[in-house]
Amino acid sequence: MIERRFLKGVQVRAKAGDKPGIEGYGAVFGEEYVLWDSPTMRIVETIAPGTFNRTIQEKQDVRCLFNHDPNNVLGRTANDTMRLKEDQKGLYYDTDFDMRTGIANDVRCFVDRGDVTGCSFSFQVTKQERTEVEEGDKLTIRRTIQDVDTFDFG
């Protein structure tokens, strides 16, 4: 099953220098992402360091898409217009724009004006750890993602 997560507090920004594009973190390690919270159940997930090692080592063809729309390609790892690296904070991406395309011009404007400020990614989990803890009347399910196939950043 393909999943998508929208990151809070992670900012996409226009790249500095003479090559137009965007850069930022597509995923952050150790941050709790609350999937569900009710009086009786809470579901929380985190992404473990190393989760994207295989994505990078296998040179998976990951795309940078505006709004996850495959018609709005901004860059991709297969042709090196998008590069990925994992550091202590998370998975960092750096995407070069081709300003001959309308979508690149639009996204650059959206980012420069602050209309687009965040990032999300699509993935399929291949390895995870799950724990359940009952605290009074509330069940807390924790999921730690440890390995994924990565499809795109939006």
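Modeller: Before we begin, two strands count as paired if DSSP finds at least two bridges between them, and helices (H or I, at least four residues) and strands (E, at least two) are DSSP runs numbered from the N terminus. This is a predicted model, in which local features need pLDDT of at least 70, side-chain atom pairs count only at pLDDT 80 or more, and totals for chains, interfaces and linings use all residues. Residues are numbered from 1 along each chain as its sequence is written, and side-chain values use heavy atoms, with hydrogens and water left out.

Colleague: In β9, what is the bridge partner of G21?

Modeller: The partner of G21 there is D96. Strands β3 (residues 21-28) and β9 (residues 90-96) pair in the antiparallel sense, over seven bridges.

Colleague: What is the strand order of the open sheet of four strands?

Modeller: The order is β2-β3-β9-β8, with antiparallel pairing. Strands β2 (13-14) and β8 (82-86) stand at the edges with a single partner strand each, so one side of each has no neighbour in the sheet.

Colleague: And β5, is its pairing with β11 parallel or antiparallel?

Modeller: β5 pairs with β11 (residues 138-153) in the parallel sense over seven bridges, and I47 stands opposite I145 in β11. With β4 (residues 33-37), however, β5 (residues 41-47) pairs in the antiparallel sense over four bridges. β4 and β5 form a hairpin with three residues between them, and the bridge partner of Y33 in β5 is E45.

Colleague: Changing topic, how many salt bridges does a search of the whole structure find?

Modeller: The search finds 16, a salt bridge being a side-chain nitrogen of Lys or Arg within 4 Å of a carboxyl oxygen of Asp or Glu. One of them joins E32 and R142, whose closest N and O atoms are 2.7 Å apart. E32 lies in the loop between β3 and β4 and R142 in strand β11, so this pair ties together parts 110 residues apart in sequence.

Colleague: Where do D94 and R83 lie?

Modeller: The two form a salt bridge, with the closest N and O atoms 3.5 Å apart. D94 lies in strand β9 and R83 in strand β8, so the pair ties together parts that are 11 residues apart in sequence.

Colleague: Is D94 buried or exposed?

Modeller: D94 is buried, at 18% relative accessible area, whereas R83 is partly exposed at 26%. Buried means under 20% relative accessible area, exposed over 50%, and partly exposed in between (1.4 Å probe, protein chains only).

Colleague: Which residues do salt bridges that share partners join into one network?

Modeller: That network consists of E32, D37, R42, K138 and R142.
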